[in-house]
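Please read this note with the model open beside it.

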Amino acid sequence: MTGGTGRIDLAHVGEQVLDLAKKQGADQAEVYLERSSTTVVFVKDQAIENLTASDAAGIGLRVLKGSSLGFGSANRFDPDSLKRLVEDTVACAGASSLDEFNCFAGPELPSADGLQIFDERIRSAPLDAKIERGFLLESAARALDARIKRSAYIVYADGVAEAAIYNSLGVGFKYSLSSCQGVSWEAALDGSSIESGLSEAASTTFDGLDCEAIGRDAARRAIALLGGKQLSSGTMHVLLDGRAAGEFLNFFAMLISADNVQKNKSMLAGKLGTKIASSQVTILDDGVLPGGLGTAPVDAVGVPRKRTAIVEDGVLRAFVHDCYTAKRGDTRSTGNARRHGGYKSPPVVGTSNLYVLAGEASREDMLAEAGDAVLVTSIRGLFAGIDVATGDFSIPAQGILVQGGKLTYPVKDFHISGNLFKMLSDVALVGNEISWSGAGRFGTPDLLITELNIAGG
Amino acid sequence: MCIMSKYLLDPDFGFERIKRLMVAGAQWCEILVEDVASWRLLCDDQKTNVESASRLGVSVYAVASGKSFHTCCDGTSAESIDGITDAVCASLRREGGKGGSTTSISPHEVSAEPVQETIEPFDGVELSRKLDAVTEADSAAREAHPKVHQVTVVYADRVRRAEILTSEGRIVQEDRSMVDFGVRAFLRVNGDILSAGHSFGALSGFESLKQNGRRPADVGKEAARKAALLIDAKPSPEGQMPVVFAPGTPGVLFHEACGHSFEADFIQKGSSFAGKMGKQVASDLITLVDNGHVWGMSGSFVFDDEGNASQRTVLIENGILTNHMYDMRTALIDGVQSTGNGRCESYEHPPIPRMTNTYVENGSDNPDAILTGTKNGIYIKTIARGGNVDVLSGNFVVGVGEGYVIENGRLGAALKNATISGNGPDVLMNIDAVGNDLNIYADSGRCGKGQSVPVSSGVPTLRVRKMVVGGGR
């Protein structure tokens, strides 16, 4: 729509910048280029609240002078801008510390195919159809139950992007990505009781996203909590809903970064090969998961993405690595370099699609096995309530009381507390269906935990 | 190119596009041009990496019938700006905005009192001095305690020139220069890794790193001191109890408990404080203010991202709800003036109602008497690990950084990993003492609401009679 960026030849810019960097005194250089189109629709009361549609393009440059690394980024491609980018980035490298582990990726062709990460329809679908999807996130919730009366945040967003990575060691790779996602955050009102429900989903294909299902799920979550009663304190079986469990996985992702491990910032340092979870638990980082929102042929520096078993039958098997941590740890990169802000951010170690492998138990099996328990459907502010040193946590939660294997009434105003690793060791059953959260990058089935402390109101 | 010496964008060119947007049906619209240059130094594991970034872009934003339309482009080429103007015009026509006035616009430059001075502009500071700053902080943190085994230091400066043209004919230019400096210290004790951070953020030049408490060594030492407190820290008592908040960052309580719920978009969606204007929503000891015009604060600015001057907005006066925080879209819906709270992360995002520097005005209680008058409970000196709120139900949670148990009116053991949580409307009514020692902390904190913007908060010493404390084990 905005003209300009669509005409830029990424490969040509890449070559040009690598060449300029060399002339400016860089020993090695790496160029990451990105061009994207996004549409975001915020909805309120079946009307547009805000519509944002834009195209953007930018360049992230890393250069090595000796073993010193510099990073620079810019959003313009004219010769003056590129020249300034290269000069600034070379100056950055000149000021950075020597670090023998700094390195770029060598050329290695990705082998995975059938990744299902680009759907032309996300680009070509008419704007009206996208706006309609936003409306559906809200209308489906309100149609489900008359008590759904308010919405805090209804948003449909999609984007297509072209990413390219070139470096002076011969890496040259270009690929396309697409994604769409819906978020519905609804509130149910009944007398003086007000409860909210949040649901989200994401897909790499236009048809893979079901906005009606998201709206209905948000509504069900809110309605189920209406009229909640107090819960008495004690130790209980806890059935952790997949979505609530996903927040723990988001925290866990930080602990398995090889960068945090090598710098002694993670409590998992030195724990490779030890049992950190119940034998029921297998956790994978799968950068080539077909249709995964974190899937790509190569990572942010051009290393082929792959599948890595992090925890296998409860035993910690691996950390996620990028080129830097691999060289420092004398191992191979697991293809886990990520740029959190796209071209604006230098690559760091990050998970791709991180998920707990599904088990065989259905929700009904788990309720039956649990007998008397609490089903936790929502937790609030895990990062505020978990101790990064020990994994001890205490967080506000809400859910449904389970008696004799049956769901009874909603419960609220309680904290669940325990220790992340004690909790992982107490996983008795793993559900058969994965819920994805965190824009589709974290997946967890329901987890039945044999005991957690409950602090009632 | 349409760059001129004084302007990022030729006003004649810009207002011509603004007219097109008004003809297409905008009630109000703006063109924002943003030119940002930033430098970031990250010292991790005693190695420093340097990064630079440069961004120039334009956004076109229009409001009609409660709806808003936004798009943006990189750079300032006439072709790109025409492209994004046409896109917004098309949306306006399709969505049938009936604003549509073709009356002439009289361009005029608008100015207001500054909120900062810049004695040492960042672009004149040698990179080596920035390097020295992070190295000094790293060394200070390591020397402050023998068990410190890892330190992370982040220095970031950012110079932003913004130019805004609005459909009222306003031409606004603002140069903002800001710095964030933070240190996190890691200690290893009996196999556990304990860590704590300290940071500040300010509108200033490089000179603020020479001020007392903001010197790199001061920040490094403070981070190590906070981390070392955790060695002998005890699990927090749990359950309902009195909580005393120290002056400064504990003001985040109000950011989460009610601040977001007072943002006009959430009020219009039925937040937990909707429909309560003019009614008592807090203890009568509470006067809560959002003020984007506090000198040097990271949440301050002269003009918001819609070209409206920042202002002091009284949200709660002696317990009575008196105002909300508005951007242009929500102000037009309610038929009121914007309060200057329309903020965006960058030209790539639309402006929405956001807090700035949010704080409770001084009360009359003696701070020491508040503490000694509290038999048992907890004392919160700083907030850490953030917080979050469900604006519809009002339920929120905030993580405690440096905190202590209160025993018989005195501070006891340091606490580890405590949280406070509750329901915003309930907590506000339960405040029973407000001191006279207000401190607004120039925070490096960012508030996330789909977009990230710098904010600060503050309180005088104050006490909530009872709220839920968690985190014990």
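1. Which domains does the domain assignment of chain A give? Chain A is given domain 1 (8–217) and domain 2 (228–457), where the bounds come from an automatic or database domain assignment. Please keep in mind that this is a predicted model, in which local features need pLDDT of at least 70 and side-chain atom pairs count only at pLDDT 80 or more, while totals for chains, interfaces and linings use all residues. Residues are numbered from 1 along each chain as its sequence is written, and chains are lettered from A and ligands numbered from 1 in the order in which they are written.

2. The C-alpha centres of domain 1 and domain 2 of chain A lie 24 Å apart. Across the boundary, 36 residues of domain 1 of chain A are in contact with 26 residues of domain 2 of chain A, two residues being in contact if their C-beta atoms, placed from the backbone, lie within 7 Å. On the domain 1 side, at least two residues each are supplied by β1 (28–44), β2, β3, β4 (148–167), β5 (172–190) and β6 (193–203) of chain A, and the largest share, five residues, comes from β5(A). That side of domain 1 of chain A divides into 19 nonpolar, twelve polar and five charged residues; here Ala, Val, Leu, Ile, Met, Phe, Trp, Tyr, Cys and Pro count as nonpolar, Asp, Glu, Lys and Arg as charged, and the others, Gly among them, as polar.

3. Helix α2 of chain A (residues 79–95) has 17 residues and reaches 25 Å from its first C-alpha to its last, close to the 24 Å expected at 1.5 Å a residue. The expected span is 1.5 Å times one less than the number of residues, and helices (H or I, at least four residues) and strands (E, at least two) are DSSP runs, numbered from the N terminus. Among the buried residues of α2(A) are Leu85(A), Val86(A), Asp88(A) and Cys92(A), a residue being buried if 20 or more other C-beta atoms lie within 10 Å of its own, exposed if 12 or fewer, and partly exposed in between, with C-beta atoms placed from the backbone. The buried residues of α2(A) pack against α1 (10–23), β2 (47–65) and β3 (68–74) of chain A, together with β2 (47–64) and α3 (127–144) of chain B.

4. Between the two chains, 67 residues of chain B are in contact with 62 residues of chain A. On the chain B side, β2(B) gives the most, with eleven residues, and the residues of that side divide into 19 nonpolar, 30 polar and 18 charged. β3(A) and β2(B) also pair in the parallel sense over five bridges, where two strands pair if DSSP finds at least two bridges between them. Gly70(A) stands opposite Val50(B) in β2(B).

5. How many helices and strands are there in chain B? Chain B has nine helices and 27 strands, and its C-alpha trace spans about 70 × 55 × 35 Å along its principal axes. With 473 residues, a compact globule would have a radius of gyration near 23 Å, and the 24 Å of chain B agrees with this; the radius is taken over C-alpha atoms, and the globule rule is 2.2 Å times the number of residues to the power 0.38. Buried residues make up 60% of the 473 residues in chain B.

6. Chain B is divided into domain 1 (122–159 + 175–232) and domain 2 (235–470), with 26 Å between their centres, taken over C-alpha atoms. The contact takes 15 residues from domain 1 of chain B and 13 residues from domain 2 of chain B. On the domain 1 side of this contact, β7(B) gives the most, with six residues.

7. In chain A, six strands form an open sheet in the order β11-β10-β9-β14-β20-β19, and the pairing is mixed. β11 (315–316) and β19 (435–437) of chain A stand at the edges with a single partner strand each, so one side of each is left without a neighbour in the sheet. β19(A) pairs with β20(A) (residues 442–444) in the antiparallel sense over three bridges, and Trp436(A) stands opposite Gly443(A) in β20(A).
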